[in-house]
Amino acid sequence: MTRAATLAEIAQEAGVSAPTVSKVLNGRADVAPATRERVEELLHRHGYRRRGNRQANPLLELVFHELESAWAVEVIRGVENVVREEGLSIVLSESAERNGPGQSWVDGVLARRPTGVVLVLSDLDRALREQLSRREIPFVVMDPAGDPGQEVPAVGTTNWDGGLAATRHLLDLGHRRIGLIAGPARMMCSRARADGYRAALDIAGIPYDPRLVREGDFHHEAGHRLGRELLAMPDRPTAVFAGNDLQALGLYEAARELGLRVPEDLSVVGFDDLPLARWVGPPLTTVRQPLTEMAEVATRLVIDLARGTRPGTRRVDLATSLVERSSTAPPRGGAPAPASEG
């Protein structure tokens, strides 16, 4: 059996001191990036693991891509439901990077040594995943932005089914010109919802019209701006599927500004079923993704991993469901009138 390299041997091979290797192991920030990368590569190559596991702290690290919407509140509620039972506390952070946290965040995690990490709408590149794995800090990705790979535990929802159900609902009401305000194309959930939209049109024999499709960013402002573009078309859509509830509410605002009524002149379907979807006027027809339950599942999964329990599956997708309210109705007879500023 091959003898594992010692810390001193790794330091010698890297051309650094043993204390520098120790700093990398402990997530200290005062190490040059090039040095850290060289040491991490050698630690990985030699399969080095610290002798004697350090006790994890009673913390659950919850990382968001961004923290500025009611969407995040539903996720936090689900995590809190579980950590309260387990006697853990939440460390909440927002990744500064576009798609996921970077090295500075990992340095902090290694220093805090939490029980586990739940990343929401984030990607974690391989080098950072390996650092967490070597320190035996388990992690789970909830609603991953990209494909996390088969080896990464992940919890999501049936986004494709949700996009199909939203569009099929509008088709069943008689709409044929159905717009789409999607989310960012780089996000897997957004692409799946858009694919469901396109599949529903295809099944119904309705040609896909790219002029009716816009790419948003899941924010209210995008729904407003792109909604105005769609509704100002001479042959505007009679219905729009918005990729999430916040964009749907932006679309509401655009319709009001152009003198259009929901649902008499325009049917709208959202996605998420945030509490505010029930409070707006008219209440929003939307696809419910069980955000709180998804967060609970992700949290229980990472705690099980921390206890050494092997999950039956590393990928869990909870079901979506269409919630019909008052923002959708059959189209008015005849071709839709062009929107006007009046």
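1. Buried here means under 20% relative accessible area. The model is predicted. By that cut-off, helix α9 has these buried residues: A222, G223, L226, G227, L230 and L231.

2. How do these residues sit around α9? Down the helix axis, the buried residues fall within an arc of 140 degrees, so they line one face of α9.

3. The buried residues of α9 have several partners. They pack against the strands β6 (178–182), β7 (213–215) and β8 (239–242), and against helix α10 (245–257).

4. The length of α9 checks out. It runs over residues 220–231, twelve in number, and at 1.5 Å a residue should span 16 Å; the end C-alpha atoms are 16 Å apart, which agrees.

5. Now α7 and α8. Which way do helix α7 (residues 159–172) and helix α8 (residues 188–203) cross? Their axes come within 7 Å and cross at roughly 40 degrees. That angle makes α7 oblique to α8. The crossing is right-handed.

6. The contact between α7 and α8 can be listed by residue. From α7 come N159, W160, G163, L164, T167, R168 and L171. They meet residues of α8 including C189, A192, R193, D195, G196, Y197 and A199.

7. Last, helix α5 (residues 103–112). Its buried residues are W105, V106, D107, G108, V109 and L110. Just after α5, R113 takes a positive phi of about 45 degrees.

Conventions. Residues numbered from 1 in each chain as written. Predicted model: local features only at pLDDT ≥ 70, side-chain atom pairs only at ≥ 80, totals over all residues. Heavy atoms only, no water. Helix = DSSP H or I, 4+ residues; strand = E, 2+ residues; numbered from the N terminus. Expected span 1.5 Å × (residues − 1). Buried < 20%, exposed > 50% of the residue type's maximum accessible area, 1.4 Å probe, protein only. Arc of directions from axis to C-beta. Contact = heavy atoms within 4.5 Å. Axes fitted to C-alpha atoms, helices over the stretch in contact; angles between N-to-C directions. Parallel < 35°, antiparallel > 145°, perpendicular 65-115°, else oblique. Left-handed = near helix turned anticlockwise from the far one by under 90°.
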